[in-house]
Structures are given as structure tokens and as C-alpha cells.
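Here are some friendly notes to read alongside the model. Please keep the structure open as you go through the points.

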Amino acid sequence: MSKVITDFPDLAQRFVEFQRLSKELKVKRKIKIPPEPTSDKTRDLYHHLGHYINIIHLKLVHQLHLLSVGIKAENPEVMATVRSCIETIGALAYMVQEIEKKRQQPEAIWEMLNIATMGENKKTMSKQTVFTHAPQTYHSADYVRAVNDILDNELKKNGSKNGAYILERYDFFSEYTHPNYLAMEAYWEVKSGKLKYNKKISCMRKDNLADILFTITPLILVYVMVLRRAEKIESDFKKLMGA
């Protein structure tokens with residue numbers, strides 16, 4: 001951590017904030033094993049949603065850990081992890097939005113959670129599916145749009161006109177996930193008229209780190225908002241257990 005702060009002093013405060021938020025996030029949810037399902041879809045909404053929130057939370061905590069390790073190593077390949085974080089946060093944001101629309105339709109909510117938890121993408125490049133009995137899952141683009149909508153609404157409340165911020169960031173980090181132009185430029189440059197390759201693992205540039213930190217920090221805050229909304233619904237569903 002000290003090396004990152006030394007190498008990128010202008011971003012030191014932002015990095016420390018990211019580290020603090022990541023650490024705090026671990027205890028934002030107490031992971032509990034949900035009760036055994038009863039085969040009653042209304043009563044099992046609590047089981048289903050609780051399980052879904054648990055795995056999303058654990059997945060994000062693990063991704064943020066990988067992101068922290070990559071930043072400390074100053075490895076530009078960690079840029080792809082930011083894209084994964086956006087999709088993971090979006091997965092919970094999407095389900096919260098859809099559940100809130102269908103609060104009076106328990107069977108529909110149960111089915112949505114089943115798809116989100118157990119589904120797979122059947123529209124594959126190979127035209128093959130891995131789990132033939134799994135339902136077609138939701139598209140990750142829908143997840144990204146959901147988290148973008150939430151941040152946009154918060155920005156509008158504060159008078160900001162910086163709309164579609166997450167969509168723009170997602171497009172940007174997608175370039176670093178695939179070997180397209182932006183993903184390549186971290187590994188070479190022309191210096192003093194000569195071609196130079198960045199062969200070290202720790203070849204992250206200042207702009208790389210800035211892009212990561214100025215994206216992931218507000219995203220963590222958005223996730224906490226989404227988590228609280230999800231847990232409120234979870235609490236409501238828990239009351240149905242006694243119905």
C-alpha cells in the first residue's frame with residue numbers, strides 16, 4: 001500500500017478511501033444460512049432472496065479484494081475487475097428494481113430469483129449450453145443499466161447533469177477486458193523516438209489508477225444503498241414466513 005501512495009501521491013487520499021470503504025463493506029451484511037425451503041413459494045421468498053443477497057455480497061467482497069491486490073501490485077490488468085464489480089452490483093440492483101415492481105406477485109418474484117441464482121447464458125458463441133436444465137438468465141447489460149439508473153437518480157437529486165456515468169464507465173472498462181486498443185496501450189509507448197515495452201507487472205499508469213478509483217468509490221456507495229433496499233425487502237419477506 002505504501003508503494004502505491006509513494007508512486008501516486010495525488011491519488012493517495014482516494015486510494016485510502018477505497019481501502020476504508022472496502023474494509024467496511026465486509027461487515028455491512030451478516031451472512032446467515034437461510035432457513036430450509038418449504039416448497040411454498042410465498043414463504044420461501046425470504047429463503048430465496050436472503051441466499052441471493054448473500055452470494056452477491058460475498059462475490060463483491062472477493063472482487064474488491066482482488067482489485068486491492070491488483071492496485072497494490074500496480075498491475076493494469078486489474079482494470080477488468082472493475083467491470084466485474086459493476087456487473088455484480090448491477091445484479092442486485094436489477095433484482096431489487098424488478099421485485100419492487102412485483103411486490104404483490106410472490107410466484108413471479110420466486111421465479112425471478114430462481115433465474116437470477118440458477119440461470120445461465122444459453123446464447124453462447126459455441127451454440128452449446130453447459131447446464132441443459134438451467135433457465136435462460138438475465139443479460140448483464142440489464143444489470144448495468146439498473147445500477148446506472150440508481151446512480152443517475154441520486155445525481156439528479158444533487159443537481160448533477162452527469163447522466164449515464166456508469167454506462168460510460170462500463171464501456172470504458174470493457175475495452176480493458178478485451179484486447180482492444182485501450183487494453184493494449186498500457187504495455188507499450190514511444191519514448192524519445194524509440195519503441196519501449198512495459199515488461200514489468202507493475203506498469204500501471206496514473207490515469208489507469210484514477211479511472212479505477214473514481215469509478216469504484218461511488219459504486220461501493222451505490223451498492224450500500226442497494227443492499228439496504230434489498231435487506232428491507234428481505235425483512236418484509238421474513239414476515240411472510242409466519243403467514
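1. A word on terms to begin with: helices (H or I, at least four residues) and strands (E, at least two) are DSSP runs, numbered from the N terminus. This is a predicted model, in which local features need pLDDT of at least 70 and side-chain atom pairs count only at pLDDT 80 or more, while totals for chains, interfaces and linings use all residues. Residues are numbered from 1 along each chain as its sequence is written, and side-chain values use heavy atoms, with hydrogens and water left out.

2. UniProt, in an unreviewed entry, places the feature "transmembrane region" at residues 209-227; its positions are given in the numbering used here, feature names are shortened, and annotations may be inferred rather than shown by experiment. In the model, residues 209-227 are 100% helix and 0% strand, with 26 Å between the end C-alpha atoms.

3. Next, the core. A nonpolar core here is a set of buried Ala, Val, Leu, Ile, Met, Phe, Trp, Tyr and Cys residues joined through side-chain atoms within 4.5 Å; buried means under 20% relative accessible area, exposed over 50%, and partly exposed in between (1.4 Å probe, protein chains only). The largest such core has 64 residues, and Phe18, Tyr52, Leu64, Leu67, Ile71, Leu92 and Ile212 have the most contacts inside it. At least two core residues come from each of helix H2 (12-25), H3, H4, H5, H6, H7 and H9. H9 gives the largest share, 15 residues.

4. Leu67 is worth a click. Leaving aside residues up to four places away in sequence, Leu67 touches Phe18, Val78, Thr81, Val82, Ile212 and Ile216, where contact means heavy atoms within 4.5 Å.

5. Helix H5 (residues 106-118) has 13 residues and spans 18 Å from first to last C-alpha, close to the 18 Å expected at 1.5 Å a residue; the expected span is 1.5 Å times one less than the number of residues. Its buried residues are Ile109, Met112, Leu113, Asn114, Ile115, Ala116 and Thr117. Their cover includes helix H3 (45-72), helix H4 (79-101), helix H6 (140-157) and helix H9 (206-240).

6. Helix H7 (residues 165-177) also has 13 residues, and its end-to-end C-alpha distance of 18 Å is close to the expected 18 Å. Buried here are Tyr165, Ile166, Arg169, Tyr170, Phe172, Phe173, Ser174 and Tyr176. The buried residues of H7 pack against H4, H6, helix H8 (181-184) and H9.

7. On to charges: side chains of opposite charge can pair when their charged atoms come close. Counting a salt bridge as a side-chain nitrogen of Lys or Arg within 4 Å of a carboxyl oxygen of Asp or Glu, the whole structure has 19. Asp236 and Arg103 form one of them, at 2.8 Å from N to O. Asp236 lies in helix H9 and Arg103 in the loop between H4 and H5, so this pair ties together parts 133 residues apart in sequence. Asp236 counts as buried at 18% relative accessibility, whereas Arg103, at 32%, is partly exposed.

8. Which residue forms a salt bridge with Arg228? The partner is Glu231, with the closest N and O atoms 2.6 Å apart.
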